[in-house]
Amino acid sequence: MSAQEQTLGFQTEVKQLLHLMINSLYSNREIFLRELISNGADACDKLRYRALEDDGLYEGDADLRVEIEFDSEAKTVTVRDNGVGMNREDVIANLGTIARSGTADFLKQLSGEQQKDAKLIGQFGVGFYSGFIVADEVVVRTRLAGTPAEQGVEWRSRGEGEFTVADIERAEHGTEIVLHLKEDALEFADEYRLKSLVRKYSDHIDVPVRMPTVQEGDEETDTTITWETVNEAQALWTRPKSEISEDEYKAFYKHVAHDFSDPLTWSHNRVEGKLEYTSLLYVPSRAPFDLYQREGARGLKLYVQRVFIIDDAEQFLPLYLRFVKGVIDSNDLSLNVSREILQQDPQVEKMKSALTRRALDMLGKLADDSEAYQNFWNQFGSVLKEGPAEDYSNREKIGGLLRFSTTHTDSATQDQSLADYVGRMQEGQKAIYYIIADSFNAARHSPHLEIFRKKGIEVVLLHDRVDEWLMTHLSEFDGHQLTDITRGDLDLGDIDSEEEKQAQQENAKAREGLVERFREALGDQVQEVRVTHRLTQSPACVVLPENEMGYQMRRLMEAAGQSVPEVKPILEINPDHALINRLDSSEGDSFNDLANVLLDQAIIAEGGSLDDPAAYVRRLNAMLSA
Ligand SMILES: Nc1ncnc2c1ncn2[C@@H]1O[C@H](COP(=O)(O)OP(=O)(O)OP(=O)(O)O)[C@@H](O)[C@H]1O
């Protein structure tokens, strides 16, 4: 038994992930090699960064590299790096647990259906554990650079629930991963196969990936091993755009993003002048599972003069573009910059605004391909909707990238742009009209739409949780005000003719007495009662005062445990409706009941909840049995 051997159980999440991976990624299993090479290259990047301060960490071996070997008799494939390595504590934490928050919830969605789960796991990223797709035992030997040789660690596991760690002596720093191949995965113990996979997946990373060629010795010569670098080993972003193929861009994306789907689009630029940097930004085709987790990974990888500095450099893009992945390589920042310094550096602020514009332009271009853009929108639209609030100066640009459901298509698919809407505006129409509700159907069937449908005026139908938040910050687009049709007075501007306006006024006058009786019957349940011209089919609707917080936002805040001031609605009644006419001729309790029922119904139609639902039911039943 080796020194200090310890057997530990995997965290539950790891067990679930392993099970899922082995079952769902069978047809994709070659990706294990890319994942292990990526980890090795990342470990080299980390060592290079730490060695900036202390080059003793190289221990005399500054030639950073990843090596791959196989042994078809022993049925093993080995991936080795001379990067930063791990100590015992790191090994237990990194190769026994998953520290990303939201993992347990993510894993709950798994269904056991191979295809569906393979997609889901793509959102998660597979990493180190992917070794178990092809191996029935994995052995890791590692030592943290700069620690004594006795502090090496060996980790082994059959991927079945537990792993062991033991102290070992290890002369080299860095990590070696030995995969004991499953019987059905022996194809990977093959030189040609491994080389072609390295070229396919790892050509573009700047760490060399090498494989040995063994020259068997004879009586006179010794056996010699020569190492051949198999990948191109030139950082992709440093090469001229014209020389990079689409496939190379895609492969590099998979390395930086740890994703195994292709990206939707990318933008590669070299900026010269006062600030010099290269950026390579990608839009993924799928949202990661933790897109809405505050601590979820985001941002870009930062390099300074080709030396990797940090992952998740969130300072270079605003939060609403957190789905963008990629690399920035700056010539101006100092090599020992830290996250704290980045936060205060005015150069970083300038780069951030340039990169933000670049990312928005990239999305603008993507929008030329409506199918690809729809894919983008379905994945990331609700994140982009955070944009106008976060980035006021770009709100017009972001406004142009938004997509909505509208009454034009009457479909829940959000595929209409505000520019499309403006192109269809009626003569005399000044505003862009919208309605916010809790669901698409509640929006689409709201009584507030009646007059708009009658007049053929398009209305944007909003039903995402962020929509009200969005609309409080996006007040205008292309010179047109965005107007909530459920608030304040309805003014259709020049669309209503003079005669119509006059008729409305006369109608209101004729019903003054009725309106007064309503006010008395409803008391302080309402702020105001008035005659409406919004409705053609419904008897009544509720309207919010112009500057009042909307129902959606109120419910969000209430759900978050915040107290919100009570708001009293304005009740508007349709003077042409039969029920209203009937009310005009009823008195006493029956007037009272009907007025209350009308108010309650209007609130329900708006998706609101009643203060006293039992009273509503009682009144309605009384009326039905009368
Ligand atoms: N070759 C290696 N050298 C040093 N550390 C490693 C190596 N491989 C893995 N690790 C450590 O183990 C951690 C977990 O690796 P894993 O591949 O599971 O996830 P990840 O690389 O963090 O995330 P993902 O690959 O899903 O983006 C890494 O973050 C790293 O700290």
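Modeller: Strand E4 (residues 135-143) runs antiparallel to strand E7 (residues 174-181), and eight bridges join the two. Strands here are DSSP runs of E with at least two residues, helices are runs of H or I with at least four, and both are numbered from the N terminus; two strands pair if DSSP finds at least two bridges between them. The model is a predicted one, in which local features need pLDDT of at least 70, side-chain atom pairs count only at pLDDT 80 or more, and totals for chains, interfaces and linings use all residues. Residues are numbered from 1 along each chain as its sequence is written.

The UniProt record, an unreviewed entry, annotates residues 28-185 as "domain: Histidine kinase/HSP90-like ATPase"; its positions are given in the numbering used here, feature names are shortened, and annotations may be inferred rather than shown by experiment. Over residues 28-185 the chain is 31% helix and 27% strand, with 12 Å between the end C-alpha atoms.

As for the other sheet, five strands form an open sheet with mixed pairing, in the order E10-E11-E14-E12-E13. E10 (265-271) and E13 (307-313) are its edges; each has a single partner strand, so one side of each lacks a neighbour in the sheet. E13 pairs with E12 (residues 300-304) in the antiparallel sense over four bridges, and Tyr303 has Phe308 of E13 as its bridge partner.
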